[in-house]
Amino acid sequence: MPLSPHPSIASIFLTAVALAPILVGTGCRNAMRAPDLDAVRAVDLVKHHEERRVGASAEGLQQPVRTARSPTGDRKAYAELLHTGVESQVFGIFVSDLSGQNRVKIAEAVNCFGLAWSPDGTKIAFSEGTRVYVADSDGRTRQLIHAGPGGPYPGASFNLQWMHDGRTLSFVQVENAHVRHLWNASRISVTLGASARHSETRK
């Protein structure tokens with residue numbers, strides 16, 4: 001009996017079933033792939049998610065990190081004290097090469113308790129009291145990503161740490177940096193993404 005030149009309905013169905021996991025899996029991966037944040041200016045960052053864990057250690061508040069070397073090792077970011085008030089210290093946040101040359105001022109911050117480079121070296125997170133900002137390392141834009149209680153005074157956000165994915169920033173926050181027993185310290189994690197405006201600009 002000669003074979004039919006047309007595939008049977010059963011064979012078409014079996015082929016579709018076999019290919020479905022591959023097609024669906026590829027589609028899911030493409031749909032879930034978010035844009036790299038190294039191409040996103042700080043001004044176009046938005047907060048997608050925030051988590052808070054109470055009972056964090058307040059170690060590090062007394063000696064805040066105000067100088068950090070870039071991931072590539074050829075630049076540094078640092079907070080330089082500009083002037084002091086009754087209950088505040090105003091810092092300039094700068095980026096320069098390791099010798100201090102080619103200096104760029106990216107921000108001023110009242111009561112800066114820490115800063116940290118993003119893993120790709122394109123952004124710097126820094127605190128102003130309980131507020132946390134992310135700025136481009138070239139100083140072009142910056143964005144407030146967390147507004148804690150009290151603003152610059154009397155609280156503090158410190159121990160800033162970027163996760164390896166470059167999307168999540170965590171830090172410890174206290175509502176009063178002058179309380180001797182810091183029982184109210186919380187570890188906060190903020191997950192960032194690109195704004196709709198950035199997506200529209202890239203089209």
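This is a predicted model: local features need pLDDT of at least 70, side-chain atom pairs count only at pLDDT 80 or more; totals for chains, interfaces and linings use all residues.
Biologist: What makes residues count as buried, and how many of the chain do?

Modeller: A residue is called buried because its relative accessible area is under 20%, and 39% of the 203 residues of the chain fall into that class.

Biologist: Which elements make up the chain, and in what order do they run?

Modeller: There are two helices and 12 strands, and from the N terminus on the order is α-β-β-β-β-β-β-β-β-β-β-β-β-α.

Biologist: Why are S2 and S3 said to pair?

Modeller: Pairing requires at least two bridges between two strands, and strand S2 (residues 67-69) and strand S3 (residues 75-84) have three, in the antiparallel sense, so they qualify as a pair. One of the residues involved is Thr67, whose bridge partner in S3 is Tyr78. The two strands form a hairpin with five residues between them, and Gly73 in the turn has a positive phi of about 80°.

Biologist: How do you know that S3 also pairs with S4?

Modeller: Nine bridges join S3 to strand S4 (residues 89-97) against a requirement of at least two, so these antiparallel strands pair as well. Arg75 has Asp97 in S4 as its bridge partner, and a hairpin through four residues joins S3 to S4.

Biologist: What makes the largest nonpolar core a core, and which members touch the most others?

Modeller: It is called a core because its buried nonpolar residues are joined through side-chain atoms within 4.5 Å. Of its 17 residues, Val134, Ile145, Trp162, Leu169, Phe171 and Leu192 touch the most other members. Strands S8 (131-136), S10 (156-162), S11 (168-174) and S12 (186-194) each supply at least two residues of this core, and S12 gives the most, with four. Another core, of 16 residues, lies apart from it and includes Ile93, Ala109, Trp117 and Tyr133.

Biologist: Where is the largest pocket centred, and what is it lined with?

Modeller: The largest pocket holds about 270 Å³ of space. Among the 15 residues that line it, Leu61, Gln62, Phe113, Ala177 and His178 are the closest to its centre. By class, its lining has eight nonpolar, five polar and two charged residues.

How values were computed. Residues are numbered from 1 along each chain as its sequence is written. Side-chain values use heavy atoms; hydrogens and water are left out. On a 1 Å grid over the protein atoms alone, a cavity is a set of points where a 1.4 Å probe fits but cannot get out, and a pocket is an open set with protein on both sides within 12 Å along at least five of seven lines; lining residues have an atom within 4 Å of a point. Grid points are joined across faces, edges and corners, and a volume is the space filled by probe spheres set on the points. Ala, Val, Leu, Ile, Met, Phe, Trp, Tyr, Cys and Pro count as nonpolar, Asp, Glu, Lys and Arg as charged, and the others, Gly among them, as polar. Buried means under 20% relative accessible area, exposed over 50%, partly exposed in between (1.4 Å probe, protein chains only).
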